[in-house]
Amino acid sequence: MKIFREQFIDILKDEKYESGNYVIREGESGDKFYIIIEGKLAAEKNGPEGPKVVYHYKEGDYFGELSLIHDISRQASVKCLTSVRVASIGR
């Protein structure tokens, strides 16, 4: 099990985003899964009156798994509320 864990950690990519930037956008194709190391983010869904926050993320949370596993477009946009550091893994 230790070998698997070390191999998994080796394939994670460290990414940083500034407050106000989007990590993913609703409708895009998705090829990455993200684990939040530092920072706060908000999931937004587009509606008739503009974007609406539907969920808040914090350290230890993750997102992007639906597009990665089911090969569907992103179901929401994820915007940085603070500076953010994530670990990502691609398809």
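This is a predicted model: local features need pLDDT of at least 70, side-chain atom pairs count only at pLDDT 80 or more; totals for chains, interfaces and linings use all residues.
Figure 1. Y62, in contrast, is partly exposed, with a relative accessible area of 46%. A total of four aromatic pairs is counted in the model. In one of them, F33 and Y62 form a tilted pair, with 5.6 Å from centre to centre and 45 degrees between the planes. The pair connects distant parts of the chain, as F33 belongs to strand β3 (residues 32-38) and Y62 to strand β6 (residues 62-63), 29 residues apart. Both values are quoted for the rings because a pair of aromatic rings is described by the distance of the centres and the angle of the planes.

**Figure 2. Further ring contacts.** Which residues are linked into a cluster by ring pairs? The cluster consists of Y34, Y55, Y57 and F63. In another view, a charge and a ring come together: the charged end of R25 sits over the ring of Y22, at 3.9 Å from the centre of that ring.

**Figure 3. The open sheet of four strands.** The strands follow the order β1-β8-β3-β6 in an open sheet, and their pairing is antiparallel.

Figure 4. How many bridges join strand β4 (residues 41-47) to strand β5 (residues 50-57)? Seven bridges join β4 to β5, and the two strands run antiparallel. A hairpin of two residues leads from β4 to β5. Strand β4 is also paired with strand β7 (residues 77-80), in the antiparallel sense and over four bridges. Residue A43 illustrates both pairings: its bridge partner in β5 is Y55, while in β7 A43 stands opposite V78.

**Figure 5. The largest pocket and its lining.** The largest pocket holds about 240 Å³ of space. Of the 13 residues that line this pocket, Y57, F63, G64, L66 and Q75 are the closest to its centre. At least two lining residues are supplied by each of β6 and α2 (65-70). Helix α2 gives the largest share of the lining, three residues. By type, the lining comprises eight nonpolar, three polar and two charged residues.

**Figure 6. Residue L66 in helix α2.** L66 lies in helix α2 and is among the residues closest to the centre of the largest pocket. Is L66 buried, partly exposed or exposed? L66 counts as partly exposed, because its relative accessibility of 42% lies between the limits of 20% and 50%. L66 and K32 are separated by 34 residues in sequence, and their C-alpha atoms are 9.7 Å apart in space.

Note on methods
Residues are numbered from 1 along each chain as its sequence is written. Side-chain values use heavy atoms; hydrogens and water are left out. Rings of Phe, Tyr and Trp (its six-membered ring) pair if their centres lie within 6.5 Å; planes under 30 degrees apart count as stacked, over 60 as edge-to-face and the rest as tilted. Buried means under 20% relative accessible area, exposed over 50%, partly exposed in between (1.4 Å probe, protein chains only). A charge sits over a ring if NZ of Lys or CZ of Arg is within 6 Å of the ring centre and within 35 degrees of the ring normal. On a 1 Å grid over the protein atoms alone, a cavity is a set of points where a 1.4 Å probe fits but cannot get out, and a pocket is an open set with protein on both sides within 12 Å along at least five of seven lines; lining residues have an atom within 4 Å of a point. Grid points are joined across faces, edges and corners, and a volume is the space filled by probe spheres set on the points. Ala, Val, Leu, Ile, Met, Phe, Trp, Tyr, Cys and Pro count as nonpolar, Asp, Glu, Lys and Arg as charged, and the others, Gly among them, as polar. Two strands pair if DSSP finds at least two bridges between them.
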